[in-house]
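Please open the structure in your viewer and keep the selection panel at hand. The tour goes step by step, and each step says what to select and what is there.

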Amino acid sequence: MATDTATTVHDDGHEHAPSFIDRWFFGTNHKDIGTLYLLFSLAMFLIGGAMAMIIRAELFMPGMQIVNPEFFNQMTTMHALVMIFGAVMPAFVGLANWMLPLMIGAPDMALPRLNNLSFWILPFAFLIMLSTLFMEGGGPAGGWTLYPPLSLQQGNSMAFVIFAIHMMGLSSIMGAINIIATVLNMRAPGMDLLKMPIFPWTWLITAFLLIGVMPVLAGAITMLLTDKFFLTSFFNAAGGGDPVMYQHIFWFFGHPEVYIMILPAFGVVSEIIPTFSRKPLFGYQAMVYATASIAFLSFIVWAHHMFTVGMPLGGELFFMYATMLIAVPTGVKVFNWVSTMWQGSLTFETPMLFAIGFVVMFTIGGFSGLMLAIVPADYQYHDTYFVVAHFHYVLVTGSVFALMAGAYYWLPKWTGYMYNETLGKWHFWLSTIFVNLLFFPQHFLGLAGMPRRIPDYNIAFSDFNMISSIGGFGFGLAQLLFVYVVWSCARGRSGIKVGDRVWEGARGLEWTVPSPAPHHTFTTPPKFDDRDLAHGDVSH
Amino acid sequence: MANPAPDPGIYYVPHSSKWPLVGSIGLFLMLAGFANLMNGNKTLGMPMTFAGIAVILVMFWGWFRNVISESVRGLYNRQVDFSFRMGMIWFIFSEIMFFAAFFGALFYARVLSVPWLGGIGDGELTNIYIWSGFEAAWPTSGPEQVGGEYGLIGAWGIPLLNTMLLLASGVTLTIAHHALKAGQRTQVLIWLGATIALGAIFLYFQMYEYVHAYRDLNLTLGSGVYGSTFFMLTGFHGVHVTLGTIMLIVIWFRCLKGHFSKDDHFGFEAVAWYWHFVDVVWLILFIFVYVL
Ligand SMILES: [Cu+2]
């Protein structure tokens, strides 16, 4: 073994560029795998989006218009599964792959081959899941939560969907293990945990959530599988089981899952706001502790999804108060983002616009979440469009907006070219206007009593549904603009080459390497000054 | 490894490998094939499942052979060693959470849902209107006695014996580890061999018990919620013991080939951790499934 310090052992025995197959199929490079993850999630975002378009087209007017009810239910189910497991989660893993090693000064992820395995499982998992749409009986139609007994009564798709979710879970667990090993083991010398940038922090905590709950989901769907095919009675009251038990096990996964999709978004936004405010992140340590508190609380609130299912009163009260507690650390975060901007020297490039949009609209979703947390109120809201409006505010204007912000923020670092700022701003404003047109009226629909997951509705709901559908089509079309901006940036169509530090207010190790980031970075551990970090000098 | 702190001077990035993609394809074939089998499509399901299993076995063989040869060539540094350790620890943690789901189902059924069916607490009306006459008890196959009458497996026969076997295997494995650290290879092989034997005997008794349950007691996976939790918990545990035993056998051959040195034997330690994890799961299982 080499004994001189400051070298990287690249065990490939050659320095020439790897072949296409070697690079994209057998690769170990975190940037390539990150790119694969991001492209995959973009494709899934478009597929899941197309399903949403079908849903909104059917709901444009009352009465049955375009698809039959069975297919409509398959669309709502598949839209959720594709967006959650195919679009949002892999997109954040893609960002983690690209940015974590750059931010902590590591040459790659800790377990690069495992990394490639985590990615390559996903296309096969979605091949299985999407193929059910073409099977006899169609795809799963009982909602993405797969509640028994309904989910056990559908056609051939069930076994395929369960195994596909097993594969996605396996991929997530291995990805999470990799991220934990990377963050705990690969940081540049001198980068203590409490000096680490906030995005790796949020991902570290997210990774623990993933390892904690993905196996529980695997257990829950395994029980579904054995109930359907191997005579067990986990969810069958006649045999002493309980369908509600499935809901408990599922939501023990399901609630942390929503934080799995939002904590990395917090991290992205916490990187972007300081850059365009030209100030260090306000309350860095409070941000870290708030993230950890949210993660802890996420394990003890799951039954707020089940208030109407018939739980003992003590249970309802416990889960109501525990859920409301989450507003405290989340409030700390929103306060810190606003305080970071306070008296800052603000500019409004596209990443910043998306980040500010995130803060405002995620907070709206947070407030409707608080409303849903109140047990007696939830009796009214449960399973209505109010819930749909709530979780789309936190997932679309929350997670997806943060992903867009991150994509614009780091695209120049990835490609070496500036994206088209004018089109970026158009993308932001079109998305923001249409997404509110799409989801805000759904609050009113829900409060008025329109149930979710129905293809037809009372004519009293017509106007708001039509507005919502128009918003949906507009939002969908606006995302094609995003695809164009990414493509043209990657092709260098703007012609504007960027330097190492793409944004003049940006701090952190990722801005010390060239743009585009070379195939291998930090082959020797970097030295850095605490003042170079995005959250300022935290050495006190 | 005496000091697992990362060696900050040298980074190691492994070369590209075809095994991750091969593994994904194997997983795809196996699970898609299995799903076809479940839906009764044997013509497609059988070949896919077996091809998938074969591809996965080849993947494990090739991937580990690759890693072992790199390890033997001394390419790995302390940082890599630490990453492997983290990987194994958190993999075991994820396995614990998988078992937790099934233990959660067991506790939920015993403590909450079965008493509710029997009219205790909030379940009074459910019991009167739907399951009148059902009295909560454990074990149960539910108000409709799904699966018919069944007998029980007592805790103090084979299960107690199996507990002793696994506890003993934990001891023999630790002795083997100490011998490895002392550099006594023959001792390692003997005690590791004893561990494998104990694992195999455990599996034999477990199989014997299953046959007895199915044939003589009519206790099956279909015996209501008791049969479900009993067989799923002991079954998944048995699968893990099987995997652990295979891993121990691989490690035994690696010891024979002299792959491990006194202070560098992560492969051995990883398998030992896994075996202890399987041990602990059994203890919890013995208490909550058999004794209580
Ligand atoms: Cu929740």
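## Where chain A meets chain B

Keeping in mind that this is a predicted model, begin by selecting the residues in contact between the two chains, where chain A contributes 82 residues and chain B contributes 72 residues. Between chain A and chain B an area of about 6200 Å² is buried, and carbon and sulfur atoms give 73% of that area.

Next, select A:Arg113 and B:Glu70, whose side chains meet in a salt bridge with a distance of 2.8 Å from N to O. Across the interface of chain A and chain B, one salt bridge is found, while eleven residue pairs, both partners at pLDDT 80 or more, are in polar contact.

Now colour the elements of chain A that give two or more residues to the side touching chain B, namely strand S1 (7-10) and the helices H4 (112-131), H5 (157-185), H6 (198-229) and H7 (243-277). Of these, H6(A) supplies the largest share, twelve residues. Sorted by class, this side of chain A holds 52 nonpolar, 23 polar and seven charged residues.

## The copper ion

Then select the copper ion together with its protein donors, A:His255 through ND1, A:His304 through NE2 and A:His305 through NE2, which lie 1.7 to 2.0 Å from the ion. Along the sequence, the donor residues follow the spacing H-x48-H-H.

Note on methods
Residues are numbered from 1 along each chain as its sequence is written. Chains are lettered from A and ligands numbered from 1 in the order in which they are written. This is a predicted model: local features need pLDDT of at least 70, side-chain atom pairs count only at pLDDT 80 or more; totals for chains, interfaces and linings use all residues. Side-chain values use heavy atoms; hydrogens and water are left out. Contact means heavy atoms within 4.5 Å. Buried area is the accessible area (1.4 Å probe) that two parts lose on being put together, summed over both. A salt bridge is a side-chain nitrogen of Lys or Arg within 4 Å of a carboxyl oxygen of Asp or Glu. A polar contact is a pair of N or O atoms within 3.5 Å; within protein, one must be able to donate a hydrogen and the other to accept it, and residues adjacent in sequence count only if both atoms are side-chain atoms. Helices (H or I, at least four residues) and strands (E, at least two) are DSSP runs, numbered from the N terminus. Ala, Val, Leu, Ile, Met, Phe, Trp, Tyr, Cys and Pro count as nonpolar, Asp, Glu, Lys and Arg as charged, and the others, Gly among them, as polar. Donors are N, O and S atoms within 2.8 Å of the metal (3.2 Å for Na, K and Ca); water is not among the atoms, so sites may look incomplete.
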